[in-house]
Amino acid sequence: MLAEAPVWRRVQSFTGPIPRARHGHRAAAIRELIVVFGGGNEGIAEDLHVYNTVSKQWFLPAVRGDIPPGCAAHGFACEGTRILVFGGMVEFGKYSNSLYELQASRWLWKKLKPRSPKNGLPPCPRIGHSFSLHGSKCYLFGGLANDSEDPNGNVPRYLDDFYELELQTQSGVKGWSIPETKGGGPSPRESHTCVAYGGKGSASPKLYIFGGMCGKRLADLWQLDIETMTWSLPQTTGPCPLPRSLHSSNVIGNQMFVFGGWVPVEETEGRQNTSEVEWICTNSLSVLNLDTMTWCSLNHEGQQQQSDVVVQSAGEEEGSRRWPKPRAGHCAATSGTRLYIWSGRDGYQKSWNFQVCCKDLWYLETEKPSIPAPVFLVKSTVSMVHVAWRPIPAAECYLLQLQSVTPSPGLPTGASDSPTMQAPSVSDEIVEEHPQLSVQTTREIDGACGGEESSSSQERLMSEGAVGEAAEELSRGDFTPESKNGQNSDGVRPVPVEVNKHNGAFWQQEQDSLPSPSQQSEISEESAWFDVGVFKTLFAEITHYYVPSEGESTNQTSNGGKWKMPGPHSFEGREKQELASGICYRFRVAGLNSLGQGDFSPVSEFKTCQPGFPGAPSAVKITKASDSVHITWESPTSLSGKIQEYSMYLAVRKSRGSSAEKPGELAFIRIYRGTKTSCTVSAVHLSNAHIDCSARPAVVFRIAAKNEQGYGPATQIRWLQDASKLKSSTSQAETSPTNIEADTTDSL
């Protein structure tokens, strides 16, 4: 049984070019993107459509290369950021056995020509087959062939052949093979489903084939042990689903979710028994625990079918508000712990002479949101802290909380006269791992886009359909895929800052104002957490928080023991407490969805600015010359007194011999100190620059201004680098005895 009953949610609003309704299409998920291809309804669809589950936006990527013709009932398998398409119907009665690869990082199509198997012929043209990925191999089973020699004829032949397709790393395939299997195997069929499951613990991986069509609908479940290539009919318990075809099966965790398809109509009173079985589309949902092999039906199919006929005959276009309409030939894909379904043939009795396709998009919430990555700082002022966080695939909104950190007596809280350690040297000054200045804002500058701040780069990337780019635009930031070093592998990453990898807290405050770990522990136990609000966005400009009335709990996660999504109404009547200047606040965020509230993120600490000190420099621009870089900026917008000088710092590679270094922390040298709002970074300094790969690879600079009170907060600049061009230089750096090993990052 599931820990909590999954909940269907309809996506009520989305933007972009919405694809026309269809059936026989396929979908696959690449991080937060759902890629939809093929299918038909009044003609076979040719365009590739992509839905961003974070921004709720459809878009048409600018594909190029060997673009395949539109097809329906084809094979569709996803490995990393590439998708393989095999077979399908390209015209009525004309089937294909072509193999195409889509590199979604570049939206590049390529037609592949795998070698034929040594022990037989390659797969014949077909439709309705399964094409499933496990490890570095795709497994093809069954389908329907057309043996007619007449191009306009159709002589169907059900298939039960089984092929293995070995993939090459990153791109391309090696060839087909026909593995020798034991235990018989499934009968010929088409419109079945096949999923792969890695197994629990040391169990060997398995393929599971369920249902399908072979003159009649099937309800058998077959298991293939991939290591021994042995077929078997596993023993299951619980209510087995009805026979069906054109359904969907998807794995989340150790659960296989079976939804929709064609099923037999149950006999009802008043219906005359006939020899011909009638079929109807269903919206039933069954779940198979692949560890215990136990079926669980999440609704009663007979009751649902009867209500479905009423809904369809009444002509209700939207269907049930709490459950998708009956359908078959829809597409389904999993993104994180959510199961998305879109379109498909609308539910109707076979005797009816019209066919309608659904236009709706739904997702099944199966778990509470996962733990988010720590909150990060975008900007801090005297009375406001602008923070942001990375999205979680299963979160509908986010609960943000803060805690005030009162510094211990005797600890200075003002800004220092220098943002770094006091030292007479300017150009070669090595800064301690955490410079004594608060980072007020972090900005990314794309080295390939003219050196401007990338505040609008999000829109540019989305217009090109770049993988992993969310359409929700943060102030002065763009979304990129999470690196493998990040904590949220299923999500995307907004503008990054340095993280202390040991405790998850961001070192953005003055070094001497941070409490010791023991003090932080005491603060955590003694101080209460206060709600800032519930947000559908991925950022918040915080000027106040809510103080509960006496005896009222800050817990917004339940209402009388039953979960109810909190919203703005949850804070009505609460007292507001404004943020104070020069105070350190701790922040945490948790995701919320229809099943409840997930766990809170690790804690981050940020400090509001002290009055009287200059703000952070702004409008940073980088111009690249042949062997140097010229950087310009504008004076702080919040001037407090005359600016006496600026200091710029560069993150550099640390020596292997440094015993004080900590993973994830940056070492800086001061490369400029003066009154001008520009400086030139020499080739010598750039050659020693550290490439920060905690997010997108970047060279990190910091700029701070000083007035008569001292240095104010800094602007951190991440000068984005081309990951492909860094591989060779990274390899060279790793062999150098004076450099630490360079971080690596997944690239699309």
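Colleague: To begin with, where is Cys-71 found? And from there, in what order do the strands of the open sheet of four strands run?

Modeller: This is a predicted model, in which local features need pLDDT of at least 70 and side-chain atom pairs count only at pLDDT 80 or more, whereas totals for chains, interfaces and linings use all residues. Residues are numbered from 1 along each chain as its sequence is written, and side-chain values use heavy atoms, with hydrogens and water left out.

Cys-71 is found in the loop between β6 (64–65) and β7 (75–79), where strands are DSSP runs of E with at least two residues and helices are runs of H or I with at least four, numbered from the N terminus. With a relative accessibility of 4%, Cys-71 counts as buried (buried means under 20% relative accessible area, exposed over 50%, and partly exposed in between, with a 1.4 Å probe and protein chains only). Its C-alpha atom is separated by 7.9 Å from that of Gly-87, which is 16 residues apart from Cys-71 along the chain.

Turning to the sheet, its four strands have the order β1-β29-β27-β26 and pair antiparallel, two strands being paired if DSSP finds at least two bridges between them. The edges are formed by β1 (7–10) and β26 (331–335), each of which pairs on one side only. Neighbouring strands of this sheet are turned by 25° against each other on average, direction ignored; the axes behind such angles are lines fitted to C-alpha atoms, for helices over the stretch in contact, and angles run from 0 to 180 degrees between N-to-C directions. Within the sheet, five bridges join β27 (residues 338–342) to the antiparallel β29 (residues 361–365), and Arg-338 has Glu-365 as its bridge partner in β29.

Tyr-340 and Tyr-363 form a tilted aromatic pair, with 5.5 Å from centre to centre and 45° between the planes (rings of Phe, Tyr and Trp, the last by its six-membered ring, pair if their centres lie within 6.5 Å, and planes under 30 degrees apart count as stacked, over 60 as edge-to-face and the rest as tilted). Tyr-340 lies in β27 and Tyr-363 in β29, so the pair ties together parts that are 23 residues apart in sequence. Both residues count as buried, Tyr-340 at 5% relative accessibility and Tyr-363 at 8%. They belong to one aromatic cluster together with Phe-14, Tyr-51, Trp-58 and Trp-342.

At least two lining residues come from each of β1, β27 and β32 (397–405), and β1 gives the largest share, four residues.
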